[in-house]
Amino acid sequence: MMKNKMFDKTKKMAEDEITLLPIESIRKQTTDEYLLRFKSKINHDPGQFFMCGIPGIGESAISICSYASDYFELSIRAVGNVTKALCALKKGDKVALRGPYGHGYEMEKFKAKDLVVIGGGCGVAPVRGILEFVSKNRPDYGDVEIFFGFNEDEDILFEVDYSEWEKNDMKVGLALNAEGFSCTRAQKGFVTNILGDLQANKNKVAFLCGPPIMIESTVKMLLEKGFQKNQIYVSEERHMKCGVGRCGHCMMKGKYCCTDGPVFRYDKIN
Amino acid sequence: MTLFSYFTIPVLDPIIKKMPKNDSGFKLPKKDLNKLYTALEKFGEVIAPVNDSKRVRMQPVENLGNVSFTGVSWFTSKKYVFPPKQTLVKFNGEKVRKSSPEITKRVLFGLRMCDLNAFAVNDKLFLEQEPKMDFYKKFRESLLLVGLWCDKPVDAFCFCSSMNLQHEYDLCLFDRGDFFHIKVGSEKGEEILKKLKLESDELIPEKPKCKTELKTTDIKDLFEKNEIWKKGEENCLFCGDCTSLCPTCLCFDIEDNCDLSGKCGERCASWDSCMYKDFTKVAGGHHFRGKKIDRFKHRIFHKLQYFDEKFGRSMCTGCGRCIRGCPMKIYWPKIINDEK
């Protein structure tokens, strides 16, 4: 059925179209987060997103959290009207998709660099694409340090992947903010509390995604550590409606988050 | 599987084929105005500003006799390219199909330079970058724009002489007392005028001197100075009148409307306003421009700075409608002028 169809980042946006695609699998990750997998040929950058919706309810921008050529996964938190409806779907139900949109992490640019990947809450989803990409092309990249922060045990996302990443010579750090958690690899606090040992050097690039308050405090900390603004890449979140740089909802000081972003080099937006 | 596109169509013809601008034009005696009407009517429905007791409005006319040649329409003509509510797709169960707008060919007569330039601004946003917006393109192609030159400013609110406006029209009328000088701005306009066999004429038009001005559109350095914007923000009701009256404010929302079964309905683009708090609200409740001052500044900076950075011209055309129609009469150019 999907033989002739491909979601392609190189495709001109003029080919922009809605595709109804059945869910191949749906997995509950936390109390309110679900991982939806779709089978389709796809060519994308980590950090790009789909406009993902249900006719009659609406559309929502969801970033791609996987990196593969014949399937893609979307991690969705049931928090608004559309996302609640999406999470209530079952295997085989169809989702209306447009995309992939936006500028993601152009991984080719970072070859031979040391990577620092920092995610908070459901903000770990877009950066998981980076880690899957690196896992597939491990010799091309240097050291990889991962720092994820969540609230409590139940909120931890992609826990099954951590040991896989560690096998691939990536360091995984985890921070949990709630009292009395049982996860053994986690430390108490916010993600900024586990950045203590992180050292800055010229060959490092940092990728960030998370809630605005986390981005703000983490960037501040990285700059204090000696990172330059052009070594930091931030995946921004905004209210998106059209996804093609017209509707104005996602505008941030003259930049459209949907077409100029959602991944910005920090010096370009601040 | 259903495939369709609602933002694009593949043909990439430029809509307005630019003609060289020069001093030449044609002479139309005022008594022959109806000849022009007949020619325009052949193109499509003629819409012109008419003084409707309280307000000048754009409405269909049957001759050019009752057209207001002195007033400017209270509302903009943007609805003729982007209706307040435009259906993008219709869906019925699992079938989703693209919806094409019903197009009426129209002549917009008596548009001022500010409105004509607004079309050029909107064209930049919707047509000069990929993907072109399909319905906008269709509406835009069905229009013939006939301008009317302002010899003097319409009222105290407009400030177009500060905005570096260009000649963007199919035809434009210049009132010369007992005749109109008509300039041609496109092949579409030339086609109309050819049939009238008018005498040629020469005119170098003079730009009107507006009573008010905007000293500069370079306001980058004022962004951090919240204290100056506070003057406007404190009075602003955030009612969104300025954005709905602005000829270039076309930020839109996309919403799904469906019947009670939740299966049949349509997805529409409808006008929205960056002055509303919920414009930037994301699921979870965070407002990215939750502060009033940020919203107040955003509209003005989008008009003067952000659009310029991206497309090389100011988005504001100086029509003054945002001030004329503002219930609090917030005269925002003064905020900038006071600092420059």
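Me: Helices (H or I, at least four residues) and strands (E, at least two) are DSSP runs numbered from the N terminus; where, on that numbering, does Pro262(A) lie?

Reply: Pro262(A) lies in the loop that runs between strand 16 (255-256) and strand 17 (263-265) of chain A, and a cis peptide bond with omega of about 5° joins this proline to Gly261(A). This is a predicted model, in which local features need pLDDT of at least 70 and side-chain atom pairs count only at pLDDT 80 or more, whereas totals for chains, interfaces and linings use all residues. Residues are numbered from 1 along each chain as its sequence is written, and chains are lettered from A, and ligands numbered from 1, in the order in which they are written.

Me: What makes chain A as compact as a globular protein of its length?

Reply: The secondary structure of chain A comes to 5 helices and 17 strands. Its radius of gyration, taken over C-alpha atoms, is 18 Å, and the globule rule (2.2 Å times the number of residues to the power 0.38) gives 18 Å for 270 residues, so the two values are close and chain A is as compact as a globular protein of that length. Along the principal axes, the C-alpha atoms of chain A fill a box of roughly 50 × 40 × 35 Å.

Me: What does Val172(A) count as, given its C-beta neighbours inside 10 Å?

Reply: Val172(A), found in strand 11 (residues 170-176) of chain A, has 18 C-beta neighbours inside 10 Å, so it counts as partly exposed. Leaving aside residues up to four places away in sequence, Val172(A) touches Ile146(A), Tyr162(A), Trp165(A) and Glu166(A).

Me: Where do Asn164(B) and Phe238(B) lie in chain B?

Reply: Asn164(B) lies in the loop between strand 8 (143-148) and strand 9 (171-175) of chain B, and Phe238(B) in the loop between helix 5 and helix 6 (241-245) of chain B. Although Asn164(B) is not a glycine, its phi is positive at about 50°; Phe238(B), also not a glycine, has a positive phi of about 55°. Asn164(B) is partly exposed because 13 other C-beta atoms lie within 10 Å, and Phe238(B), with 15 such atoms, is partly exposed as well.

Me: How do you know how helix 5 of chain B and helix 7 of chain B are oriented to each other?

Reply: Axes are lines fitted to C-alpha atoms, for helices over the stretch in contact, with angles from 0 to 180 degrees between N-to-C directions. The axes of helix 5 (residues 226-235) and helix 7 of chain B come within 9 Å and cross at roughly 90°. Angles under 35 degrees count as roughly parallel, over 145 as roughly antiparallel, 65 to 115 as roughly perpendicular and the rest as oblique, so helix 5 of chain B and helix 7 of chain B are roughly perpendicular. Among the residues that meet here are Trp229(B) in helix 5 of chain B and Phe296(B) in helix 7 of chain B.

Me: How many residues of chain B are in contact with chain A?

Reply: There are 41 residues of chain B in contact with 32 residues of chain A. On the side of chain B that touches chain A, strand 12 of chain B gives the most, with 6 residues.

Note on methods. Two residues are in contact if their C-beta atoms, placed from the backbone, lie within 7 Å. A residue is buried if 20 or more other C-beta atoms lie within 10 Å of its own, exposed if 12 or fewer, and partly exposed in between; C-beta atoms are placed from the backbone.
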